[in-house]
Amino acid sequence: MHSARTDPSPRRIVHLSSLLQRLNVRLVMVLASVALVALLVSSLALSQILPGYFLDQARRRAETAALSTAILVQNQFEVYARVRPEVLLTPELRNTQILQPTVQDAANELAQGTIEITYTDDGSLAASAAPDATTEQQLREQGLQPDPEVQVPPLTLPLHPLAGLEIDLTFQVRDTYTNRAATLRSVNGALLGAGLAALTVSLFVGTLAARRLTGPLARLRQASSRFAQGELEERSPRFGIVEVDELGQQFNVMADQLSESVRLLQADRDRLREFVADVSHELRTPIAALRTFTDLQRDGEIDDEQRSEFLNRSTEQINRLEWMSTNLLDLSRIDSGIFPLDVRWGDLRDPVRSVVESQAEMAEQRGVSLASEVPSDPVMLRFDRERVVQLLTNLVGNGLKFTPRGGEVVVALVDIPNGATLEVRDSGPGILEAELPLVFDRFFRGTNVGEARASGSGLGLAIVRSIVEMHGGTITASSTVGAGSTFTVHLPRGEEGS
């Protein structure tokens with residue numbers, strides 16, 4: 001039972017630690033800390049400045065009161081020197097507090113504190129007075145209190161009254177009534193109240209600011225969490241905070257790129273599955289033919305004429321497998337970046353004529369007309385002859401394969417100012433408009449090509465596009481269903497001698 005009661009304590013510590021790690025709590029704590037630091041600094045500064053300032057003012061006032069009292073006493077002595085000089089000369093008489101009324105008035109009105117006047121020569125008391133009861137009550141009603149800390153040095157004043165008398169008096173003012181302590185308490189109270197108000201405001205404003213900042217961040221975190229769970233269409237909205245909006249924009253860009261990558265990967269995966277299925281299906285034919293031929297040859301049940309037919313069919317299937325493996329190898333080399341180009345300055349008419357001549361026999365076998373249209377003057381530019389022959393062979397081969405008997409395939413070369421254009425036109429069934437953007441994708445094979453679809457792998461046009469792009473060129477396709485297709489390749493001229 002005891003351990004069960006003490007288990008939540010570490011959990012509370014962990015919860016408190018995680019709470020302190022939250023951004024909104026940190027922001028509030030920072031603002032509150034700033035307010036507290038400002039309060040402490042201002043309090044420290046005022047506590048060092050104000051007490052000394054008030055004390056200095058009180059001391060100056062006491063010194064002024066002592067000097068004013070001395071002036072009054074001097075006037076009083078001048079009167080005695082003219083009227084009753086014996087009072088000033090006889091020790092028994094001068095200690096009879098003759099100055100008491102004047103000093104009392106000074107204590108009530110000028111000093112508002114205790115005044116002591118002594119004869120400097122013997123230290124005897126000439127007069128002493130403190131505020132009377134009425135004055136003291138009035139001062140206390142005004143919030144004034146005797147201030148023992150207001151200490152001023154004694155003021156010694158030589159008096160030179162009439163009749164040649166010379167008398168020195170010492171004036172001492174102490175326990176003056178001031179509001180210094182009350183003022184300091186009021187200032188400290190006001191400072192404390194202002195500090196508490198500033199702390200409250202900082203906590204309130206900090207909470208609002210933290211919510212305004214952490215709220216969008218929390219929504220952005222939720223969006224990223226849903227995106228991570230597979231909701232690829234999730235995007236970050238705009239919040240009206242520049243920094244957070246920039247972060248959300250970067251998240252949206254990343255999400256768009258990742259979604260597009262996932263889409264492409266899924267499309268490639270689907271096409272790869274279809275391609276693997278097609279390749280597996282196509283492999284069955286040569287394997288079955290080779291197996292049948294082998295079995296018949298082993299059993300001795302075939303004659304020379306049948307053996308020759310089987311050999312011819314097996315050779316066709318083996319050639320097809322070799323062509324397919326070559327295309328796959330080329331694509332693999334392109335993807336890995338080890339498909340070098342031997343770019344040289346030359347006449348582009350040469351590979352066009354070479355491909356047309358090499359494909360002439362196939363065109364004749366299929367009953368398709370194959371022609372070329374090339375300029376009479378050389379078309380000079382920088383290119384890799386073998387790769388251009390390969391791309392033209394693929395384009396012409398596709399045209400011959402999909403064009404029905406009696407149709408035509410034309411290879412046209414046009415010299416333009418910034419390069420050259422190659423066109424391969426056929427009169428085949430054409431490509432559906434929805435499939436036209438996909439013809440250069442790997443493993444894609446159209447649905448409007450009849451039985452010729454079964455003999456393809458969907459790799460030829462992908463290789464053609466890669467070769468064109470490696471030359472810095474572009475390739476486009478246009479088609480009209482029932483009227484044929486046109487593939488247009490633009491190759492840049494390059495710099496002569498480079």
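User: Where is Asp175 found?

Analyst: In this predicted model, Asp175 lies in the loop between strand E5 (167-174) and strand E6 (176-178).

User: What is the phi of Asp175 near?

Analyst: Phi of Asp175 is near 50°, which is a positive value in a residue other than glycine.

User: And is Asp175 buried or partly exposed?

Analyst: Asp175 is partly exposed, because its relative accessible area is 25%, and buried would require under 20%.

User: Let us turn to Asp426. Which strand holds Asp426?

Analyst: Asp426 has its place in strand E11, residues 419-426.

User: Is Asp426 buried or exposed?

Analyst: Asp426 counts as buried, because its relative accessibility is 14% and the limit for buried is under 20%.

User: What does the side chain of Asp426 reach?

Analyst: The side chain of Asp426 reaches the backbone nitrogen of Gly428, at 2.9 Å.

User: Which residues is Asp426 in contact with, leaving aside neighbours within four places in sequence?

Analyst: With those neighbours left aside, Asp426 is in contact with Gly399, Thr403, Glu408, Val409, Ala483, Gly484 and Ser485.

User: How many residues apart in sequence are Asp426 and Glu408?

Analyst: Asp426 and Glu408 are 18 residues apart in sequence, and their C-alpha atoms are 5.8 Å apart in space.

User: Now the nonpolar core. Which residues of the largest one touch the most other members?

Analyst: The largest nonpolar core has 36 residues, and Leu348, Leu392, Leu395 and Leu422 touch the most other members. Helix H11 (349-366), strand E9 (380-383), H12, strand E10 (408-416), E11, H13 and strand E13 (484-492) each supply at least two residues of this core.

User: Which element gives the most to this core?

Analyst: H12 gives the most, with seven residues.

User: What is Leu422 in contact with, beyond its neighbours within four places in sequence?

Analyst: Beyond those neighbours, the contacts of Leu422 include Leu348, Val352, Leu392, Ala412 and Leu413. Phe487, Thr488, Val489 and Leu491 are also in contact with Leu422.

User: Which residues does the second, separate core include?

Analyst: That second core has 25 residues, including Ala126, Ala127, Leu169 and Val173.

User: Back to H12. At what angle do H12 and H13 pack?

Analyst: Helix H12 (residues 385-402) and helix H13 (residues 460-470) pack at about 145°, and their axes are 9 Å apart. The crossing of H12 and H13 is left-handed.

User: Which residues meet there?

Analyst: From H12, Arg387, Gln390, Leu391, Asn394, Leu395 and Asn398 meet Gly460, Leu461, Ile463, Val464, Ile467 and Val468 of H13. The residues of this contact comprise seven nonpolar, four polar and one charged.

Key: Residues are numbered from 1 along each chain as its sequence is written. This is a predicted model: local features need pLDDT of at least 70, side-chain atom pairs count only at pLDDT 80 or more; totals for chains, interfaces and linings use all residues. Side-chain values use heavy atoms; hydrogens and water are left out. Axes are lines fitted to C-alpha atoms, for helices over the stretch in contact, and angles run from 0 to 180 degrees between N-to-C directions. Helices (H or I, at least four residues) and strands (E, at least two) are DSSP runs, numbered from the N terminus. A crossing is left-handed if the near helix is turned anticlockwise from the far one by less than a right angle, and right-handed if clockwise. Contact means heavy atoms within 4.5 Å. Ala, Val, Leu, Ile, Met, Phe, Trp, Tyr, Cys and Pro count as nonpolar, Asp, Glu, Lys and Arg as charged, and the others, Gly among them, as polar. Buried means under 20% relative accessible area, exposed over 50%, partly exposed in between (1.4 Å probe, protein chains only). A polar contact is a pair of N or O atoms within 3.5 Å; within protein, one must be able to donate a hydrogen and the other to accept it, and residues adjacent in sequence count only if both atoms are side-chain atoms. A nonpolar core is a set of buried Ala, Val, Leu, Ile, Met, Phe, Trp, Tyr and Cys residues joined through side-chain atoms within 4.5 Å.
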